[in-house]
Amino acid sequence: MTQRLAHLSQVFTQIPNRVYLLIATLCFAASNPTVRRITDLGANHLVDGRNPISFCNVLFVANLVVLAIVVPLYKKQLNRATVAKLSKKDWIALLGVALLAGVIGPALTFTALDITSVNNVILIGRLEPPLTLALSVLVLGSGVGFLTVLGAALALVGVALTLLLAPPDPAMTEAMGFALGRGEIFAAIGAISRALASLAGQYALRQIPLGIFMVGRTAISTIVFGVTAAILFGPEHFMDVASPFLWQWMLIYGGILVMGGQLAWFAGLRSSTASEISLASSFGPIAGILSAFLILGVLPTTAQYIGGSVILLGIIVTQYEQLQKAKRDRQKLDPEPEPCPVKLDIEAGYKGI
């Protein structure tokens, strides 16, 4: 048995990092359409008139599935000596990541998925990388090039066009003179929450071992979300949490898409260059819209085509600068190019929800 595990481990280490990054990107891209799809399936399998696959149940049970995977996976790091080394600032950073990326961000994204187009949620989610970039420059003092800034600005313009060119909706709300849908507002605030979580995660991952970071973040977010939802909606809100129909889908969603995506991403980060990480992250919105079509049969609207095209242009501009930088690094024979700020986009945030 030990020899088989050793052989299997050797096989996994021989897989190119780019393959891991591609797998992670596809998992993350399929997550939002999958959530919409399985909640629709739950609506056709009601339990006493209730949908067992409600968004609250999805978030809560998916976190339990992730915990069941990460605890055995990182059990060597989960000891008193390692935990005792964490400072007060480390715990504050871990709590911030858990609340922002594990509770507030997913709750807002789930709400947005319930009342607006999946493609809108995907495209508006592109607010996160430029916001993360801006925060890393302002707070962490990260250096960025002109084209990276230009690419981030184009992404913001693309998101704005997606919102402003959308057809009128009865659920629209006036904000700063513009009519915005509530779902789009929730998706934007969710992206802001994840960007703040990325900043906190950047600090936390410098100080906290990866295993403790992942277990702690997931455990804290699960407990906080469960207690908060029980207080706001009553304990009966989770009465269907033991539904076999719910768990069979959560094993697929939480175990494969969420946890599988995160493990593949971290595996790909081991020795990938900044340009490879940037390229993998850049395919996110394209893969997301393609997933929405394959899983839900949803085609982009005119506004989404226009906004998405501008976002894609911004991605190309940013990627061009990363490729140029990688080329200069190779010419200097630098074996470890400086990490790109876009690495924060998926590394620290709770992707897949």
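How many salt bridges does a search of the whole structure find? The search finds two, where a salt bridge is a side-chain nitrogen of Lys or Arg within 4 Å of a carboxyl oxygen of Asp or Glu, and both are stops on this tour.

**Before you start**

This is a predicted model, in which local features need pLDDT of at least 70 and side-chain atom pairs count only at pLDDT 80 or more, while totals for chains, interfaces and linings use all residues. Residues are numbered from 1 along each chain as its sequence is written, and side-chain values use heavy atoms, with hydrogens and water left out.

**The whole chain**

Show the protein as a cartoon, and you will have 15 helices and two strands in view; helices (H or I, at least four residues) and strands (E, at least two) are DSSP runs numbered from the N terminus. Of the 353 residues, 50% are buried, where buried means under 20% relative accessible area, exposed means over 50%, and partly exposed lies in between (1.4 Å probe, protein chains only). Switch to a surface, and the accessible area comes to about 17300 Å², with 68% of it belonging to carbon and sulfur atoms; such areas come from the Shrake-Rupley method with a 1.4 Å probe, and for residues only the protein chains shown count as cover. Among contacts (heavy atoms within 4.5 Å) between residues at least 6 apart in sequence, 86% join residues at least 24 apart.

**Colour by confidence**

Next, colour by pLDDT, the predictor's confidence in each residue, from 0 to 100. The protein averages 80, and 81% of the residues score at least 70. Select residues 5-9, where pLDDT stays under 50 and the model has zero contacts beyond four places in sequence. Then select residues 337-353, where the pLDDT is also below 50, although this stretch has 66 contacts in the model beyond near neighbours in sequence. Where pLDDT is low, the predicted coordinates should not be read in detail.

**First salt bridge: Arg50 and Asp240**

Select Arg50 and Asp240, whose closest N and O atoms are 2.8 Å apart. The pair links distant parts of the chain, 190 residues apart, with Arg50 in the loop between α2 (17-43) and α3 (55-73) and Asp240 in the loop between α10 (210-233) and α11.

Now select Glu128 and Arg194, where the closest N and O atoms are 3.0 Å apart. Glu128 lies in helix α7 (residues 128-138) and Arg194 in helix α9 (residues 182-207), so the pair ties together parts that are 66 residues apart in sequence. Both residues are buried, and Glu128 has a relative accessible area of 1%.

**Into the core**

The largest nonpolar core has 72 residues, of which Val70, Phe110, Met250 and Tyr253 touch the most other members; a nonpolar core is a set of buried Ala, Val, Leu, Ile, Met, Phe, Trp, Tyr and Cys residues joined through side-chain atoms within 4.5 Å. Its largest share, 12 residues, comes from helix α11 (residues 244-269). Centre on Val70, which, leaving aside its neighbours within four places in sequence, is in contact with Met214, Val215 and Met259.

Move to Thr34 in helix α2, which is buried, with a relative accessible area of 14%. Beyond its neighbours within four places, Thr34 is in contact with Tyr253, Leu257 and Ile295, and the C-alpha atoms of Thr34 and Ile295 are separated by 7.0 Å, though they are 261 residues apart along the chain.

**Last stop: a surface patch**

Finally, select Leu164, Leu165, Tyr305 and Ile306, which form a nonpolar patch on the surface with about 380 Å² of accessible area together. Patches are made of residues with over 30% relative accessible area and no salt bridge, like charges being joined within 9 Å and nonpolar side chains (Val, Leu, Ile, Met, Phe, Trp, Tyr) within 5 Å. Ile306 lies in helix α14 (residues 302-331) and is partly exposed, with a relative accessible area of 37%.
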